[in-house]
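Look at the structure first.

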Amino acid sequence: MKNNQFEDVLIYFSKSLMGKENEDDILWDVAKNCIGQLGFVDCVIYLVDDNKEYLIQKAAYGPKNPKDKTIYNPVKIPMGQGISGYVAQTAQAEIINDASKDPRYIEDDEARLSEICVPITCEDIVYGVIDCEHPEKGFFTDHHLKMLSAFAAICGIKIRSVRTHEALMEEHDRLIKIKEEMVELKLKSLSSQLNPHFVFNSLNSIQYFITSEKKRLALEYLSMFSKLIRFYLNQLGQETVHLKDEIDMLHSYLKLQKLRYDGLFDYDISLHENSKKMEEATIPSLVVQTLFENIIESAMYNQQKGQHFNVLLKIADTTVTLKVLHQSLQTGKSANNQSGYRESILQWQDQVNLLNAVKDFKITTTITHSFDNDIQKRSISLKLPNLI
């Protein structure tokens, strides 16, 4: 093929690839519309598999392609084996004038004496090889090598473009899915914290205080309840919250629940040194509130009196650690409720897992159970990132 003919084929090839958006179309276009015009009798195009262990036959011209886009008896070659495997491993093109004397030669459909193999690369990444054979010795020339290398270079650029586009689309779809999951998670969290049972009981409690002429308690309860509602609604669109605000809301929530459950439990919230960092500390939103929703509703399941929650906060430069120790009398009923308790916590941990996946927060949790005589102890440790 003369230089001007080769240039025409190269221009045609470059233009024909512009409208192709998948690798199969690209490779079959090279095999059928380009290799055929070079006067070759056989060509197989291989791609490196995802694990970079094998070359897989993807397109062909000649005896390996009996009809349409099919390959006769497709094979795969381990990386480094055979002439094509060696070229893929070294990314160096080769011309073999007498394949019968080359120990690397692997016969496919039939033995041939000449072979030329060029790597398909782009930016030092080997995507595959174009491998051509001919029955005559010494058939392939440096001119053939130049032409095949040009086709392989254009092919490599296009494959990289297609894979980059596919990767971007996959990442785009993944992010959309994650955002949808985050929205659903926040709605579930809000629904959990404002479930009808909690709201109606809160309103009933307010009504009870009013009818019992306990106006101070009624006003106090109503104030905390409305404050919590505003806080939850505001946090729905936020990804972070100041720790100080979260702890203020936690005080209100626990006090509200203590009134609601008529003093079945008591609680303490304390800081473990570094209390001055409270003003600056920032944590992911809705995590602490969701945790305590699960803890309280599980603990109050059996209406057992004398329960206690000790909440300890430790603030460091990069983390905020919250530890909850729940103590209650060991009874048959409460013991039987452990499975429900753990199930509830695991549902809450789904939220933690999603936040870790989306934001890489590296939130860690530890849950332990122990018994001391008649006292049942449940400990939950939560380490959050300090996002200041």
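The notes below go through a predicted model, topic by topic.

## The second largest pocket

The second largest pocket has a volume of about 270 Å³. Its lining counts 13 residues, and L47, V48, D49, D50 and R163 are the closest to its centre.

Which elements each supply at least two residues of this lining? They are α2 (23–34), β1 (42–48), β2 (54–61) and β6 (125–134). The largest share, three residues, comes from β6. By type, the lining of this pocket divides into six nonpolar and seven charged residues, with no polar ones.

## Two positive phi angles

Most residues other than glycine have a negative phi. E123 has a positive value, near 50°. This residue sits in the loop between β5 (114–122) and β6. E123 has a relative accessible area of 58%, so it counts as exposed.

E213 also has a positive phi, near 60°. The loop between α5 (196–211) and α6 (215–235) holds E213. Is E213 buried or exposed? Its relative accessibility is 67%, over the 50% cut-off, so E213 is exposed.

## Aromatic rings

A pair of aromatic rings is described by the distance of the centres and the angle of the planes. The structure holds six aromatic pairs. In one of them, F265 and F309, the ring centres are 5.4 Å apart and the planes meet at 80°, so the pair is edge-to-face. F265 belongs to strand β8 (residues 265–271) and F309 to strand β10 (residues 307–315), so the contact ties together parts that are 44 residues apart in sequence. Both F265 and F309 are buried.

Elsewhere, F40, F139 and F140 make up one aromatic cluster.

## Charges over rings

Two contacts place a charged side chain over a tyrosine ring. The charged end of K76 sits over the ring of Y54, 4.3 Å from the ring centre. R104 lies over the face of Y86, with 4.8 Å to the ring centre.

## Salt bridges

Side chains of opposite charge can pair when their charged atoms come close. The structure holds 18 salt bridges. R104, the residue over Y86, also forms a salt bridge with E94, with the closest N and O atoms 2.8 Å apart. The pair links distant parts of the chain: R104 is in the loop between β4 (94–96) and β5, E94 is in strand β4, and they are 10 residues apart. R104 has a relative accessibility of 23%, so it counts as partly exposed. E94 has 18%, so it counts as buried.

What does the side chain of E123 meet in a salt bridge? Its partner is R160, at 3.1 Å from N to O. This pair also links distant parts of the chain: R160 is in helix α4 (residues 142–193), E123 is in the loop between β5 and β6, and 37 residues separate them. R160 is partly exposed, at 26% relative accessibility, whereas E123 is exposed, at 58%.

E220 and K255 form another salt bridge, with the closest N and O atoms 2.6 Å apart. Here helix α6 supplies E220 and helix α7 (residues 243–260) supplies K255, 35 residues apart. K255 has a relative accessible area of 36%, so it is partly exposed. Salt bridges that share partners also join D42, D109, E110, R112 and E133 into one network.

Key: Residues numbered from 1 in each chain as written. Predicted model: local features only at pLDDT ≥ 70, side-chain atom pairs only at ≥ 80, totals over all residues. Heavy atoms only, no water. 1 Å grid on protein atoms, 1.4 Å probe; cavity = no way out; pocket = protein on both sides within 12 Å on 5 of 7 lines; lining within 4 Å. Points joined across faces, edges and corners; volume = space filled by probe spheres on them. Helix = DSSP H or I, 4+ residues; strand = E, 2+ residues; numbered from the N terminus. Nonpolar A, V, L, I, M, F, W, Y, C, P; charged D, E, K, R; others polar. Buried < 20%, exposed > 50% of the residue type's maximum accessible area, 1.4 Å probe, protein only. Phe/Tyr/Trp six-rings, centres within 6.5 Å; stacked < 30°, edge-to-face > 60°. Lys NZ or Arg CZ within 6 Å of the ring centre and 35° of its normal. Salt bridge = Lys/Arg side-chain N within 4 Å of Asp/Glu carboxyl O.
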